[in-house]
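Dear colleague,

I am handing over the structure below, and my notes on what was found in it follow directly after. Please read them alongside the coordinates.

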Amino acid sequence: MIANVSALPPIVERWFADRGWKPRGHQLEMLDAVQEGDHVLLVAATGAGKTLAGFLPTLVDLIESPAEGLHTLYVSPLKALAVDVQRNLLTPIAEMGLDIRVETRTGDTPSDRKARQRVRPPQILLTTPESLSLLLSYPDSKLLFENLKTVVVDEIHAFAREKRGDLLSLSMSRLQALSPGMRRVGLSATVAEPDAYRSWLATDADIDRVRFVEGEPGAEPDLSILIPENRIPWSGHSGFHAAREVMKEIERHKTTLVFCNTRGLAELIFQKLWSVNNQALPIGIHHGSLALEARRKIEAAMAAGKVRALVATASLDLGIDWGDIDLVIQMGAPKGSSRLLQRIGRANHRLDEPSQGIIVPGNRFEYLEARAALDAIDDRELDPDIFRPGTLDVLAQHVLAVACAGPFDESELLTEVRSAAPYSDLRLETFREILSFVATGGYALKAYDRFRRIVEETPGRWRLARPTIAAQHRMNAGVIVEQPLMDVRFKGGRRLGMVEEGFASTLTPGDHFFFAGLSLEVERIKDTDIIVHASKKSARIVTYGGQRMSMSTHLANRVRQMLADRNDWHRFPDDVREWLEVQDRRSVIPEPHQLLVETFGHEGRHYLCAYSFEGWNAHQSLGMLLTKRMENDGLKPLGFVANDYGIACYGLEPISDPQSLFSADILEREFVEWVERSYLLKSAFREVAVIGGLVERQHPGKRKTGRQVSFSTDLIYDVLRKYEPDHLLLRAAWDDARTRMTELGRLVRLVDRASATMVHVKADRITPMAVPLMVIVGREAAPAGSADEALLIEAEALAEVAMRID
């Protein structure tokens, strides 16, 4: 039964009435669920008052039963969100004249305020998973949380399936032990499978304890694809070719958000837009590597309506409530229908008005992906949510945090950990292995006192080995392990943000690079600082490593279906339709279940192109394996290139039998050998070693450089590989390498499809579908943006050969 408006306190009723509003049905149902003592998952469209629905039961409870002490925790995936929600929550509290204190606690919160919050906490505390875990590591955490009534997890879809979700799930289990009556509330706008999130949110994964509340649907979004002059380039992935048309859209709208998939691409698009900004409109840039002060400044300018456009990355994907945004533009491919819907929802942010969004595809394959994403949204199909077991490095960090709060009983902690859904199937032997690792570092490291962090004071009861470990843990805890970073500063000292050491190592004094929307000249590099001054010269685009965002499996399946359905081609622009028609005549359009592999010669080299649509990460892994096999078979490979849609390997000898290169045992032999010999496993080990607490990033008064951290982890990695190859963290690193870094599941599907359904076409020359791949051969190492014009010219030359019918 849903509560009615009369269930609201008069002061809340008046507040709604004064604004001419009525509480929405899902807001009242949230109130009813919490009053019934249920955990609850709310899925509601952007602009439906989701945040207010999450806090309404707290406000009602504190109005009816005023109390001091911490009542509600609000956990958000991003620091910026907590600031934004604080603003939106404080307004109704102030307008109702309620005596309720709301505060924020993140890594940016001053230390004196953090100390005061533990002594005199607010009734509502807004925080992040990492900051919550740190709060739980203090001995007074029981006193702080013993009367906690509610935990609200916002944007639950953004991190529940990742390591941050593992950490939060473990923290919620600890909170439940400290305050057994605590209720859990999850909020999201884009969830494909609510039951999976209900299970994650529940204690003991008991889905029946979590009520599902669905908000009323909002207005259908107004979505389109921008195709300048009805032409889509053969190559590229940035959409930069449409900069003038994008700028015209910005001129026509009040405020525009321009989303890019990477930080480097955001810098490139900002520069392209600025170069055609003939009206000198105020436009800005926002991404996670910019200094906090710069991000806060542009966020404030956006909120005040002083910016006409903001070029942004995933740093603004979630929850920012700026109602004056009336257009969202996605530069390049959307990569997933859920992600696109989340981004488009930033426009208007009101339930009864359609969000307007435009996609700017960078090439012809990206057009197909964009069309697939719009079709999926029309069909109300979101990307499926794939959950995996909780990771062992996060569990090791949590065990140490618990020990920092005080001695713990082994069996009680195991029960508590198993009540967290990601760890519900944790075996006793594995848990004891975790305890042994936290206690000694493992068999190969137990002789070193620095790895001795907890001790068993009596059988089954554990405590910290020494008090200083708690301080060290709090300085180094967290599950976000950035690549080694260096600060970018003006010589006067003002910090602009951070770039990765890998990019910094390519810089020398006098070099220029674009960052924070500026052209910067390097004066000198000192320790971990890059000292710069502003310049007007042309510059390189800053690049970042890490995993690229791959097209979702759901969209890949739709693209395959779209390709094979010739009755669908009438919807496509003329040049896309002609591209596919010539491909059909000269080679093959594969059926959705088939893997098309083409081989042909071009300019003295021999090429193999495979079109699997399994994503850049899986294709990168496969490229390494195929070129290794080609080498073993005497085919003299020279290299490979990949994008989301396919892979091209090339060498000096013709490839007559591609089926043998794709045989299933490639994952049993070459894959294992390649991962063990490549940087991949060491990189994964570095992350799990930092998260698991084996290697510290910070000491009092100083921070290790990325090189120092890498050196430390490499030494430990070599020791463990030699003396304890079955070490807990080596297994965790392998799990990371298999699942996250190489997207092994997609790689397996690709190889399986190759062995069963490969269609091999031996072409006499380059084919139309091969052009987008061929144009990047030899160009992958070029700095982003520097070769764009040359690429387009080369693509047209290749296309002329490929599209000729004779």
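The protein exposes about 32400 Å², of which carbon and sulfur atoms supply 50%; accessible areas come from the Shrake-Rupley method with a 1.4 Å probe, and for residues only the protein chains shown count as cover. Please keep in mind that this is a predicted model, in which local features need pLDDT of at least 70 and side-chain atom pairs count only at pLDDT 80 or more, while totals for chains, interfaces and linings use all residues. Residues are numbered from 1 along each chain as its sequence is written, and side-chain values use heavy atoms, with hydrogens and water left out.

As for the overall fold, the protein has 30 helices and 29 strands, these being DSSP runs numbered from the N terminus (helices H or I, at least four residues; strands E, at least two). Of the 806 residues, 58% are buried, where buried means under 20% relative accessible area, exposed means over 50%, and partly exposed lies in between (1.4 Å probe, protein chains only). Among contacts (heavy atoms within 4.5 Å) with a separation of 6 or more, 74% are between residues 24 or more positions apart.

Strand β19 pairs with β20 (residues 518-526) in the antiparallel sense over four bridges, and with β22 (residues 540-541) in the parallel sense over two bridges; two strands count as paired if DSSP finds at least two bridges between them. F513 has L520 as its bridge partner in β20 and stands opposite R540 in β22. The hairpin of β19 and β20 has two residues between the strands, and A516 takes a positive phi near 55° there.

Two residues in helices are also worth noting. L59 lies in helix α3 (residues 50-64) and counts as buried because its relative accessibility is 1%; leaving aside residues up to four places away in sequence, L59 touches I93, M96, I100 and I124.

Turning to charged pairs, a search of the whole structure finds 48 salt bridges, each defined as a side-chain nitrogen of Lys or Arg within 4 Å of a carboxyl oxygen of Asp or Glu. E369 and K335 form one of them (3.7 Å, N to O); E369 lies in helix α14 (residues 364-378) and K335 in the loop between β12 (327-331) and α13 (337-344), so the pair ties together parts that are 34 residues apart in sequence. E369 is buried at 0% relative accessibility, and K335 is buried at 8%. A salt bridge also joins R198 and D195 (2.9 Å, N to O), both in helix α9 (residues 194-201) and three residues apart, about one turn of the helix; R198 counts as buried at 15%, whereas D195 is partly exposed at 45%. Finally, R586, D764, R765, R804 and D806 are linked in a network of salt bridges.
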